[in-house]
Structures are given as C-alpha cells and as structure tokens.
Amino acid sequence: MKARSAFSIQRDVIFAIFVREMITRFSNYTLGNIWLVLEPLLMMVLFIVLFGARGRGAYGFVEAPVFIFAAFLPFRTLWTATMRQSASARGGTKGLLEYRQVRLFDVFMARTFIEGGLFVVIGVILGLGMMWLGYDPWPDDLLLTLGYCAVLWLFAASFGMLACMVGSIAKEIEKLVSMLTMPLMFLSAVFFPMTIVPQKYWVFLTWNPILHAMELIREGWMDNYTSPVADFYYLFGAMIICLAFSLSSYRLTWRRIVAK
Amino acid sequence: MIRFSNVSKYFPTRFGPKYVLKNLNLEIPDDRDIAILGTNGAGKSTLLRLVGGIDFPTEGKIVSDRFISWPLALASGLQSSLTGRENVRFICRIHGMKANRQTEEYVKEFSELGDSFELPVDSYSSGMKSKYSFAVSMGFDFDTYLMDEIMSVGDAGFKKKCENAIGNKRASANIILVSHNMDLLRRQCNAAILLAYGRADFYESVDQAIFRYQSL
C-alpha cells in the first residue's frame with residue numbers, strides 16, 4: 001500500500017460515498033435509480049401544472065409555470081433535500097465509519113454534492129421540456145442566478161450539518177427540523193413574490209434567510225422582477241454564520257459521535 | 001510499531017465514567033502476532049477499534065507508522081443492500097485503488113461464494129458473511145490485520161484456508177487477534193495482551209497469558 005495525501009484520501013472517499021449513495025438510495029424500487037431524478041421531477045411537474053393552470057398570468061411579470069419552476073426547483077432540491085440529507089447523515093451511514101478513512105464529514109460532502117448535481121440535472125430536463133412547450137424557462141442572468149443558488153445550497157448544507165450535530169445531543173431536533181419544512185415553504189415566498197405581500201407584513205417574513213434567497217434567485221432569473229426586500233448581504237451573512245457554527249460544532253463533537 | 005502512550009479510554013454512563021483502559025503504556029512490536037484476551041466487556045473490541053483508528057482515546061495518544069486494516073468483525077462495514085462485488089468496489093475506492101478488477105476476482109475466488117458474489121450481502125448466511133469479509137481483507141496488503149472473532153465461523157476447510165492465507169501474509173504483516181478460541185490463539189499468535197481489572201498487560205508468551213486468563 002502506498003501513502004496518500006490527506007486531500008487525495010478525502011477525494012477518493014467522497015467519490016466512493018457518492019457512488020454508493022447513488023446506488024443504494026432507491027435500490028429497493030422497481031425502477032431503481034431512475035427515481036433519483038424521477039421523484040423530484042414528478043413533484044415539480046405536479047406543482048407546475050397545479051399552480052400554472054390556476055394562476056396563469058397572475059404574476060404579471062412572468063408566466064406562472066416559469067415562476068413556479070424558478071422558485072420551487074431551488075427550494076425543493078437545494079434547500080429541503082440538501083438540508084434533510086445532511087441532517088440525517090448520522091443515521092444510515094454508521095457502517096461506513098468502520099473504515100478509518102471515512103469520516104462523517106465526507107458523508108455530508110458527498111450528499112451535498114449529490115443534491116447539487118440533481119438540481120442541475122432536473123433543472124435541465126424540466127427546462128428543455130418547458131422550452132418544448134413554448135415557454136422561455138432559462139434564467140435571464142444565468143451566472144448571477146447560479147451564484148445565489150450556490151449560497152442557498154451552502155446555507156442548506158451547513159444548516160443540515162448543524163441540525164445533525166445538535167441532533168446527536170437531543171434527538172428531538174430531528175423531529176423539529178422535519179416539522180419546520182412545511183411552514184417554511186409558505187414563509188419563504190416560494191409560491192408568491194414579495195410584491196404581492198402588503199408592506200406591513202414584510203417585517204414578519206424578512207428574518208428568514210431562505211426568503212431572501214428565493215427573492216434573489218427570482219431577480220436573477222427574471223430581468224423584469226425587482227424584489228422589494230431582497231438583501232444579499234443578509235443571506236450571505238446568515239450562510240457564513242451557519243457554516244461557522246456547523247463546522248465548529250462538528251469539530252467539537254465528531255469524536256464523541258463515532259464512539260460507540 | 002504501534003505505540004500507546006498514556007492511553008485512557010472511558011465511556012460515560014449513568015453511574016459515572018466506566019474505564020476500559022487506564023494509563024496504558026504499551027508497544028506492539030512489528031514482528032509479533034498479538035492475541036487479545038479478556039472477559040466479555042473487558043474492552044477487547046474497543047482496544048481493536050482504537051488501534052484501527054475508528055475510535056479515539058479519551059486521553060493519551062496512539063502512534064503508528066503502519067498500514068492497519070479496519071477491525072474485521074462479522075459483516076462490519078458492509079452495506080447489506082449492495083452486492084458482494086459492489087462492496088469490494090467501495091472498499092477499493094476508499095483505499096485509493098484504481099485497478100479494482102483484480103481484487104474483485106481475488107475475493108470472489110477466495111470466498112468461494114460463486115454466483116452469490118453478485119447478490120446483495122444481506123442474502124448471505126453468517127458463515128458466508130464471515131468468509132466474505134475475511135476474503136475482502138485478504139485482498140488488501142496491510143501491515144497489520146485486526147481480527148475480531150472472524151475465524152470462529154465457517155466450515156473446517158475454510159478455516160484451514162484462512163490460516164494458510166494468514167501464514168502467507170506473515171512475511172510482510174502481523175495480526176492482532178481477538179478470539180475465545182484458545183487453540184487458535186496458540187497456533188496463530190506469539191504474544192498476548194490480557195485485559196483485566198481495567199488494565200492491559202503485555203505477555204511475551206501466549207501460554208502464560210492464557211493461564212492467567214483462565215484463572216481470572
């Protein structure tokens with residue numbers, strides 16, 4: 001055996017977990033790994049049809065299906081899925097930690113990469129489908145949109161990691177986090193732009209960093225939408241703080257978590 | 001050389017810390033095969049996990065310059081929904097091996113699983129699982145192999161094969177073995193560590209350690 005650098009060990013391990021997660025996540029299903037893409041895809045199609053049929057033209061600045069596409073896709077894959085996968089990383093991967101190369105952090109990284117990849121894949125498939133139906137689904141400012149998406153993605157990953165760490169002390173946190181997902185969908189301006197919310201209610205909603213992410217992504221995606229509340233520095237600051245907390249709590253507790 | 005300097009390990013319990021090892025100073029020489037003896041709960045597996053680097057001492061340090069295998073126990077670290085081959089691939093990947101094919105075929109042949117090698121691991125019987133995990137570890141060239149009761153399952157022919165395989169590795173590797181089978185320990189090892197009363201003592205002679213263990 002040959003000694004490897006710490007970096008190349010981590011790269012090998014993350015890749016190995018990546019492949020393993022892809023194989024195992026839906027291995028019991030008849031259609032197998034197709035569900036990896038199919039599950040979020042079906043959900044997206046359902047929401048686009050549901051809201052699109054109901055509120056055609058209601059937003060003024062963009063067609064309803066494109067609006068839902070631009071909001072629900074990042075929320076569903078980059079926030080909910082990434083956060084949940086990180087938060088539950090401790091559960092299904094105990095067996096992995098029998099190998100000294102594999103650390104819990106590698107599981108977080110691999111799962112985060114998978115969700116990021118799924119975001120791109122599902123986005124492209126759905127976008128092509130909508131293009132075929134005669135819509136213009138692509139972001140007007142692609143780089144800016146992807147940048148905002150990346151910040152949301154990092155925020156979700158670090159929030160999930162923090163939830164996982166705190167969950168190792170108090171199991172109740174896991175319950176709390178999964179209870180949070182549903183109301184967050186309404187609190188984060190996923191199905192409506194902030195322009196239709198009366199100004200006096202803004203103060204109740206703008207504490208939520210995800211709302212800022214959704215509004216910023218919307219701004220990048222649609223040139224003729226300007227959010228009245230979006231604040232990039234607030235979102236970025238929340239992400240940095242969350243990341244700092246999750247990384248330091250990981251550093252403090254990981255040895256205790258691996259101990260049997 | 002695997003060096004324990006001032007190693008203590010305890011588990012927090014409702015009744016306060018339960019010490020498994022306390023201020024252990026020990027050197028495991030490269031050319032010795034070590035038997036680990038102790039009653040149930042004395043900390044044999046914990047000691048193995050500490051050496052394997054998947055658990056950590058509460059105090060003190062364990063230093064080594066050797067490539068140490070993962071602690072081989074029954075079906076440890078195997079993903080039950082993956083096939084035998086896929087599990088081998090995973091282990092190859094985390095060890096940075098690019099040419100997996102050779103190892104896969106070696107494991108398939110050594111484990112005598114035949115077509116079952118392409119089936120999920122949770123369809124294996126416990127005997128098959130032990131054969132399989134033993135074969136996997138033999139597919140890699142470690143300097144030290146950690147084994148936790150792995151050779152006590154399996155049929156007589158396979159046991160013989162295992163002992164031969166270890167014999168072949170002897171030239172370049174040593175083993176640390178946990179077992180309750182005294183004959184096996186006598187055959188395979190030439191030094192022992194006895195865990196008792198929260199202490200760990202190193203014995204140059206296995207027979208002496210076994211005698212002490214049996215009169216505990």
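A: Helix axes are lines fitted to C-alpha atoms over the stretch in contact, and angles run from 0 to 180 degrees between N-to-C directions. Helices are DSSP runs (H or I, at least four residues), numbered from the N terminus. This is a predicted model: local features need pLDDT of at least 70, side-chain atom pairs count only at pLDDT 80 or more, and totals for chains, interfaces and linings use all residues. Residues are numbered from 1 along each chain as its sequence is written, with chains lettered from A and ligands numbered from 1 in the order in which they are written.

Q: At what angle do α9(A) and α10(A) pack?
A: Helix α9 (residues 209–221) of chain A packs against α10(A) at about 130°, with the axes 9 Å apart. Angles under 35 degrees count as roughly parallel, over 145 as roughly antiparallel, 65 to 115 as roughly perpendicular and the rest as oblique; α9(A) and α10(A) are therefore oblique to each other.

Q: Which residues make the contact of α9(A) with α10(A)?
A: Two residues are in contact if their C-beta atoms, placed from the backbone, lie within 7 Å. Here, α9(A) brings Pro209(A), His212(A), Ala213(A) and Leu216(A), while α10(A) brings Phe232(A), Tyr234(A), Leu235(A) and Ala238(A).

Q: How many residues does each chain give to the contact between chain A and chain B?
A: Chain A gives 23 residues and chain B gives 20. On the chain A side, α1 (6–24) and α10 (232–258) each give two or more residues, and α1(A) has the largest share, nine residues.
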